[in-house]
Amino acid sequence: MNDLINEINKLRKEKNAVILAHNYQIPEIQDLADFVGDSLGLSQQAAKTNADIIIFCGVHFMAETASIISPDKKVLIPDLQAGCSLASTINAEQLRKWKEEHPDYVVVSYVNTTAEVKAESDYCVTSSNAVKVVQAIPEEKKILFLPDKFLGLYVSTVTGRKMEIWNGACHVHEKIGDVNFDDARKEHPNAEFLIHPECGCSSSCMLKSQLYFDCKNIHIYSTEGMIKHVINSKANEFVIATEVGILHRLRKVKPESIFYPLSENAVCEYMKMITLEKLYNSLRNELYEVKVPEEIAQKARLPIERMLSIV
C-alpha cells in the first residue's frame, strides 16, 4: 500500500493534480486527499484550485459540479459507476413537467442532482446552506424544493416557508429513519446525537417537539456541521446519524471521544467504490473525465454560483 501511495503522491505532483474526497470515502482515500469535506466545501475547493487536474473522490454529480465550476480544469472520477440514488430520483424531463404544473415557482435544487436538473433550477443548495439560501429568497416567491423530502421538511420547518417538496430520498439516509430513535437515546444517555437532515429520523425528531431545537442533546447538521460541532463540544460521546464514512474523520479531529453510528448499516456502496488502486489508475492514465456539455453547464452555472455565494 505504501508503494501505491508513494506513486500517487509522485504523479499528483508531476501532473499538478489535486485530490478532493468526500467525508463518506474510505479512510485510505480520506487520508491521502488534499481536501476532505462535504459537498459545499468540495465545490468551494474546486472553484478556487490552481491545479490542472481535479481528481474527485466522491460520486458523479459532484464531479459534474466541479466541471461546471472549473471548465478549464480536467475533472476525473476514479470510477464512473459511482452514482447517487438521491440524484436518480428526478431527471430534467420530470422537473420540466413539475415546473409546468407550478408556473412562477422558484426552483431550489439540492446539489445531489444531475447537471441537467441543475440547468433547470434557479438555486442550488447543500445541506450546509439550504436554510440560508431559502431565507434569501423573497417571501412572496413560491418554492419547488427537490429532490430530498427530508431535507425539504427540515428547511421548511426551520424557515417557516411552505414549499412544494419532491418525494425523493437517499437510500442510505432513509433507512436510518427506521432505527428506533428512543432506544438509541436510552442506550447512550450521555451522548449528543448529530443527525444529517437527509435522515428520516430528522423529521421524526422535529415532529416529536414543537421545534427541533427543543430536543435535548439532538442537533441536525450537515457533515461539515458535525465536524465543527464535535470540535467545539464539551461532550465525550456522540451518536452519528449519517453515512458511516464520516466516523473516520470525526475520530481524527477528536480522538479522545467515542463515536457511535446510529446505524452500522448506513453504508453507501457508491461512495465506497473508489479505492487507492482506482485512484492511481485514474491519475496515471487520466481516465474517466467528467465534462458537462457547455450548453448545460452554462445554464447550471448560475444556480451553483448562487449556492456558493451564500455560506
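Reader: At what angle do helix α4 and helix α15 pack?

Author: In this predicted model, helix α4 covers residues 60–69 and helix α15 covers residues 294–309. Their axes lie 9 Å apart. Angles of 65 to 115 degrees count as roughly perpendicular, and α4 and α15 are therefore roughly perpendicular to each other. The packing angle is about 95°.

Reader: Which residues of α15 do Thr65, Ile68 and Ile69 in α4 meet, and how does the contact divide by class?

Author: Thr65, Ile68 and Ile69 are the α4 side of this contact. Facing them in α15 are Ala297, Ala300, Arg301, Ile304 and Leu308. By class, the residues of the contact of α4 with α15 divide into six nonpolar, one polar and one charged.

Reader: Which helix gives the most to the lining of the second largest cavity?

Author: The second largest cavity has a volume of about 60 Å³. Its lining consists of Ser39, Leu42, Ser43, Phe56, Met62, Thr65, Ala66, Ile69 and Val111, and both α3 and α4 supply at least two of the lining residues. Thr65 and Ile69 belong to this lining and also take part in the contact of α4 with α15. With four residues, the helix that gives the most is α4.

Reader: How many charged residues are in the lining of the second largest cavity?

Author: The lining of this cavity divides by class into six nonpolar and three polar residues. Ser39, Ser43 and Thr65 are among the residues that line it. The number of charged residues is given as no charged.

Reader: How much space lies in the largest cavity?

Author: Rolling a probe the size of a water molecule over the atoms shows where empty space is left. For cavities of 30 Å³ or more, the count comes to two. The space in the largest cavity is about 260 Å³.

Reader: Which helix gives the most to the lining of the largest cavity?

Author: The lining of the largest cavity comprises 28 residues, and those nearest its centre are Tyr24, Asn112, His173, Glu198 and Met271. By class, this lining has 13 nonpolar, twelve polar and three charged residues. Helices α3 (39–48), α4 and α9 (171–176) each supply at least two of the lining residues. The most, three residues, comes from α9.

Reader: Which residues lie closest to the centre of the largest pocket?

Author: The largest pocket holds about 410 Å³ of space. At least two lining residues come from each of α3, α7 (130–136), α8 (149–159) and α12 (223–232), and the lining has eleven nonpolar, seven polar and four charged residues. Of the 22 residues that line this pocket, the closest to its centre are Ser128, Asn129, Ser222, Gly225 and Lys228.

Reader: How many residues apart in sequence are the parts that the pair of Trp98 and Trp166 ties together?

Author: The count of aromatic pairs comes to two. One of them is formed by Trp98 and Trp166, with 5.1 Å centre to centre and 70° between the planes; planes over 60 degrees apart count as edge-to-face. Trp98 lies in helix α5 (residues 92–101) and Trp166 in the loop between β8 (163–165) and α9, so the parts tied together are separated in sequence by 68 residues.

Reader: How far apart in space are Arg284 and Ile8, C-alpha to C-alpha?

Author: Arg284 belongs to helix α14 (residues 276–285). Leaving aside neighbours within four places in sequence, Arg284 is in contact with Leu11 and Lys15. Arg284 and Ile8 are 276 residues apart in sequence, yet their C-alpha distance in space is 8.1 Å.

Methods: Residues are numbered from 1 along each chain as its sequence is written. This is a predicted model: local features need pLDDT of at least 70, side-chain atom pairs count only at pLDDT 80 or more; totals for chains, interfaces and linings use all residues. Side-chain values use heavy atoms; hydrogens and water are left out. Axes are lines fitted to C-alpha atoms, for helices over the stretch in contact, and angles run from 0 to 180 degrees between N-to-C directions. Angles under 35 degrees count as roughly parallel, over 145 as roughly antiparallel, 65 to 115 as roughly perpendicular and the rest as oblique. Contact means heavy atoms within 4.5 Å. Ala, Val, Leu, Ile, Met, Phe, Trp, Tyr, Cys and Pro count as nonpolar, Asp, Glu, Lys and Arg as charged, and the others, Gly among them, as polar. On a 1 Å grid over the protein atoms alone, a cavity is a set of points where a 1.4 Å probe fits but cannot get out, and a pocket is an open set with protein on both sides within 12 Å along at least five of seven lines; lining residues have an atom within 4 Å of a point. Grid points are joined across faces, edges and corners, and a volume is the space filled by probe spheres set on the points. Rings of Phe, Tyr and Trp (its six-membered ring) pair if their centres lie within 6.5 Å; planes under 30 degrees apart count as stacked, over 60 as edge-to-face and the rest as tilted.
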